Amino acid sequence: MADGRPGDAGPYGMVLGVVDPAAGTGGPAALRPVRVTAGSEVVRAITSRGWPVPEAGTSVGVLDVLPDGGRVLTRLTAQAGGVSAHCVHLPAGARLPGGRAPVAFLGAPGWGSGDPLGAEPPASSALGDFARARAPWVGAFLAGVREVLIRAGARREEETAYGAEVSSDSTGVPFLVAEKDPSLVARWIALACAVLPAEQAGSLSFTTYGPWEAARSGRLVVGVPLGSAPAVAGQRLLDGALPPAEPVTDLWAACAAWLWREGRPALAADARPALDGFALLAAAHREGLTIPAAVRALLPAALDALPDSELPHAICSLTGLLGTEAPASDTEATGLARVWARLEDRAPLHVTSPLAGAVLMALVAGRPTGVPVPGATSLTASGRAALAARLGPGLREAVAEPTLGPRRSLALLQAAAVLGVEVEGPVLEQVADRLLTALTRVPAEEEALPVPGALAGLPELCAVLLPRLERYAAREPLAAQALLNVVDLPLDAAVRPVPHLRMCANAASARAFALDAVAAWDELLRTSRPSWSTEPALLRTALRLVWTEQPPGLAEMAHILEAADSDSHREAGTWREAVAAAERGGTGTEAEAAAGRALAAHLFRSFPAELTPRTRARLRLLELAGDVAEGRGGDWAEQAVRLRESGDLAEPTGLLAHVYAVLGGAVLRRSGSPEGELYGLAHCGDAELLAAYQRAAREDGVAERLRTDPATAAGCFVDWTAHPGAGPGWDATCATLLDEVLRPALRGASRAHLAALTTALAAGGPHRVSAFESWHQRTRASRWRRLLGG
């Protein structure tokens, strides 16, 4: 009868017993016999112990791990009218035939009638075919298995630490595998066991089918029907009918899945430490396998996740891989560079050197790193020599590429300097030319700007580049100054002096601390090395760096000419700046006029051969302004008109406006005004000169003098009524000044003021008094008309 002893048979097959989980709490695990009298009794016995009830026509495999380390492998088979159950107890440490995992014996003969573990199941290629057919899911599946194994290990450590068993309610959340058939779930479990070490493959508890008890099962992997949803929040589920929801980020799982595709799962099972992605990568590399870029791309994130205390050990395990193979993707390159930056100066050199080597290999391969180029002190001597031998030819070839961007060129040259790889002179000159073109393009592109400090470690390149930039600074000092604001140029690395570059570098501070522009100019020349006397072009560079918004004025240009000899100014070309300043003219003040006269005299004296007739005429106009301001000479208007024609000055701007303003103000009647110049003005026929005379008469100070000084008013009346018929321009000017300047000034004049004015006019004859009274009578009449509204 079915009393639980071997050999007893019932109508539903051999029942050896059912594991009683409670039996292991106080003693060794036991197989509790189950009396089989009806199928329903077996079902009740099975479900009461948390075993799944298979559907008709199917069988379910279950592996339970007992508290003492023993295991029970159970096969449940649905048959007509009930379920047959066959359990096999595996003591702790027991090894199955061939070292196979328990799941491999679920399809063995002998279940229900004999010993299913008596012989090793025959080898089959079906599992490899299954792995290849399910390749998109394998990585995600192995990641789920690794997760539950790690959680189980943590629970065991907790039990050991507290000396008690964790309750079954807190044993964690199992990993669900949804498939259409329990046998497919068994294949998934076999696939996982093939890449797990024997001790973990043998203790991977599972149920190939268990929809109702999935969420509360203490087993690690549970098979569920397709379309099932996670039973609890956060539970991982792999549905074999749907593509993986997220890419695999678990390094070990991705690497083990790749090894399955390569037909090398045993390599994963033998790697130590177990479930360690770094160890698995290192083992694959030692076997000479080419690790896919997608797998290697996960390496940096896995390293990032490690605490600082564990990171050096992981990197040391990867030394062979990191030191000999360049990163296979941009993700790997930037990630390894990030890890290197994290450990640099915080870990021993033998730890960081492989990472630094990986960064250099990525750089030569053209992959982004996002970190500065590692220095020579970041590599061990042996690592540096090995990299130089490996990367040297590629470095030289890459640097010589004519389409290479400037930043990458510098990075490659930095790498060559670090590794001691010599780059030929012609190549350096080509790089310098490309870099100069990129840097002097306005505005310079971001990619063209060297990484700060990049040039400092490249003295050979600086020796070629800085003379080119020095010539550029001499031509375009303002652009060079702007360039120096964004580019870190090691000027001290120059083999030959670079005074223009240094002046550009010092210009901003000189302008900021000097009292005025002239003082800033003096300071730049004082501190230039070599001196401007050796390098006269510095005179022009200093001028352009100081007067950035507007050119120097007459007085400033006169100071500049006096600061150096004529030969130096001639070589520097600054005498042309002086001519330009002269032609621009000044503000019309006496001080400006005097400065202009001194400037013109200097030019006549020092650069006679360089001055063209037109330039001479214009400089003579500037001298004339000084003469007029100081009251020297005569026939000013006549000279001005003649020099205007010789100097080809069509528009009354700049120099001509300056001279006409000085002349117009000087001819206007006031104390000390020269006699005889009014005649030349009246007969000049120059509309712009007469307009300048009018503007001088309309100034506020003139109106005030006309109201308060009878002599000035009398003189202006005499002047503005003199030389009638000298020309239409003069007649119109006089009529305008009498009506719009003198008449308003005398409109409210007192009797005493008018009497004094008449007395002053009488000195010139009674006809002047009569003319004034007649003109003034019209003034009074017009005032009465306005008062009466007429």
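Q: On what basis are the values computed?
A: In this predicted model, local features need pLDDT of at least 70 and side-chain atom pairs count only at pLDDT 80 or more, while totals for chains, interfaces and linings use all residues. Residues are numbered from 1 along each chain as its sequence is written, and side-chain values use heavy atoms, with hydrogens and water left out.

Q: How many of the residues of helix α23 are buried?
A: Buried means under 20% relative accessible area, exposed over 50%, and partly exposed in between (1.4 Å probe, protein chains only). Helices are DSSP runs (H or I, at least four residues), numbered from the N terminus. Helix α23 (residues 537-546) has eight of its 10 residues buried, so the rest of the structure largely encloses it. Among the buried residues are L538, L539 and L543.

Q: What is a salt bridge, and how many does the count give?
A: Side chains of opposite charge can pair when their charged atoms come close. The rule requires a side-chain nitrogen of Lys or Arg within 4 Å of a carboxyl oxygen of Asp or Glu. The count comes to 34 salt bridges.

Q: Which parts of the chain does the pair R468 and D433 link?
A: R468 and D433 form a salt bridge at 2.6 Å, N to O. The pair links distant parts of the chain, with R468 in helix α19 (residues 459-475) and D433 in helix α18 (residues 425-439), 35 residues apart. R468 is buried at 16% relative accessibility, whereas D433 is partly exposed at 37%.

Q: Which residues are linked in a network of salt bridges?
A: The network links R597, R620, E623, D627, E630 and R632.

Note on methods: Helix = DSSP H or I, 4+ residues; strand = E, 2+ residues; numbered from the N terminus.
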